[in-house]
Amino acid sequence: MEPMMTMMKGNEALGEAAIRAGCRFFFGYPITPQSELPAYMARRMPEVGGTFLQAESELAAVNMLLGAAATGVRAMTSSSSPGYSLKQEGISYMIGSQLPCVVVNIMRGGPGLGNIQPSQSDYFQIVKGGGHGDYRMIALAPAAVQELVDLTILAFDLADFYRNPVALVGDGLLGQTMEPVSFPPVKTTDDDKDWALTGAHNRPKRVITSLELNPENLEAHNRVLQAKFAAMEEREARWEEYRCEDAELVVVAYGTSARIARAAVDAARNMGLRVGLYRPITLWPFPGEGLTRLAEQGVRRFLDVEMSSGQMVEDVKLAVLGRARVDFYGRLGGMVPTPREILGQIQELMGGEA
Amino acid sequence: MKAARTLLLGHFGSGKTEVAIFLALSLCAGQKRPMLLDLDFITPYYRSRDVADELAAAGVEVVRPAGELWRSDLPVVAARAVQALTAYDGPVVADVGGGEGARVLGSMRLSPGTYEALMVVNPYRSGTESPEQVVGYARWLEEIGRIRLTGLVNNANLGPLTRPEHVLEGLAQVEEAARRLNLPVRWTAVRADLADALPGLDLLPLTLRMRPPWEAPASALL
């Protein structure tokens, strides 16, 4: 028996997955190309006894998220690039306050207002910390609608486990593409959150804040956060290797770019070229371990492909650390590479070595 | 086709654009050039305007907002689209935006009897998965579009996973919805490669154009 499949756009599937994961509070503000998500939440939240609130701005939405998260409920906000910029301050405050939540960025062309076409040019902002302070957050980057469902559910679990916001990263194409999906049964935990603000009746009061005037205490607090980030780096790196076994050249790409690159890799294999694909599923922690191993095993070249001017490629180079050559191919401003373009790059690089 | 003006409505993601393109192309053999009105400003992706050049080469004029505005998702309706629906004497196919997008028709106040209005239904699409949901959706579209539906189009599919039995099981669902609405099911739309496995049905065999870049046919790679 095949599981019950239904056709959903990425943005809708993300919303449904969040609800299945127990998310009952959504605060957002419309922006293309993620508006189907707040629209979906506006319709679904009342059906499950949840709260949908269209805030007056992205700033308001992210601070409503902070308030909800402080009470221990599962909560989410979403936006696209310009709106994600506006949420940076709130993200920093939530990390400082050790609050779990999920923040979605369905990226579009930039900088500035840019356009409404798909892009991956917010990698630095998401991965290196667009807000202030010494912080890190897990960033999950699905490449298909079903994976978007699975990683949405995982995002809520990771956020709760580490008491830290988790970024769910896609682009306009993933948000707008419709594919058959099924929803796995979700085990929602009712773990007692002994830090949550639930009313201090018959117990000592709890305080949630990111303010600490005493620098010794703030340094100690930062050490606690750094220990969490180290644990995340140790345990949460995720990636997929595809046809890498005997590869001479490995394409590195995430999200939509990876899906397109995979078609190019298959075409290259059909032509007898030994090519594989390395797809980071977490952008932070960056899964460099597998890349290092591939370079040590004899992969001679890596081709990093992004819908940006080359952001993740810096992390690829750090992982490869000079053991192999790293080339880059990117499209900018909302342009999407075709499998043919990537195949052309592969052929050029491999031909150049002959 | 009974009426020269065919309006395609439905849930977003129901397959309106693929059906609209098929119908417009099928009208190219006539004396007057068919016009395909892209009235979709609901979503900025997967719209008939994206393949306007290809359709123009085949003899279909795609009407979309002028200048760079066609790339936006702003509520812009080209004057030429209104003109086409009210005054053009050649065939017109209107690809209306999903769901709320039907409001654009509401603003035009079209007279009953001057058009055929078809709701495209994919019974595997979240939101139109039961006859009850389809009936509710159809009534809502009629209300906000100020039109009367004249038929349904079955577009039962699970994307690349679609098998002939999915189409047939879906058709039964759409027929039940049509019975409750007292409307005919005009056609069943299927991916062209499934057509031979579905004899005896009134089929629209579709060559899909609204495909993501990773589904480029192998031929495009060589």
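Author: Let us begin with a definition: a residue is called buried when its relative accessible area is under 20%, exposed when that area is over 50%, and partly exposed in between. Please keep in mind that this is a predicted model.

Reader: Why is A:Gln98 called buried?

Author: A:Gln98 has a relative accessible area of 14%, and since buried means under 20%, the word buried applies to A:Gln98. The residue belongs to the loop between helix 5 (88–96) and strand 5 of chain A, and phi of A:Gln98 is also positive in a residue other than glycine, near 55 degrees.

Reader: Which peptide bond is cis at A:Pro33, and what is its omega?

Author: The cis bond joins A:Thr32 and A:Pro33, with omega at about 5 degrees, and A:Pro33 is placed in the loop between strand 2 (25–28) and helix 2 (36–44) of chain A. A cis bond also runs from A:Gly110 to A:Pro111, where omega is near 0 degrees.

Reader: How many residues of the lining of the largest cavity are nonpolar, polar and charged, and what makes them so?

Author: The lining of the largest cavity, whose volume is about 40 Å³, divides into 6 nonpolar, no polar and 3 charged residues. Because Asp, Lys and Arg count as charged, A:Arg74, A:Asp160 and A:Lys193 in this lining belong to the charged group, while Val, Ala, Pro, Cys and Phe count as nonpolar. Helix 7 of chain A supplies the largest share of this lining, with 3 residues.

Reader: How do you know which domains the lining of the second largest cavity draws on?

Author: At least three residues of that lining come from each of domain 1 (6–193 + 206–235) and domain 2 (240–353) of chain A. Among the lining residues are A:Met107, A:Val169 and A:Tyr254, and strand 7 of chain A gives the most, with 3 residues. This second largest cavity holds about 30 Å³ of space.

Terms used
Residues are numbered from 1 along each chain as its sequence is written. Chains are lettered from A and ligands numbered from 1 in the order in which they are written. This is a predicted model: local features need pLDDT of at least 70, side-chain atom pairs count only at pLDDT 80 or more; totals for chains, interfaces and linings use all residues. Side-chain values use heavy atoms; hydrogens and water are left out. Helices (H or I, at least four residues) and strands (E, at least two) are DSSP runs, numbered from the N terminus. Buried means under 20% relative accessible area, exposed over 50%, partly exposed in between (1.4 Å probe, protein chains only). On a 1 Å grid over the protein atoms alone, a cavity is a set of points where a 1.4 Å probe fits but cannot get out, and a pocket is an open set with protein on both sides within 12 Å along at least five of seven lines; lining residues have an atom within 4 Å of a point. Grid points are joined across faces, edges and corners, and a volume is the space filled by probe spheres set on the points. Domain bounds come from an automatic or database domain assignment.
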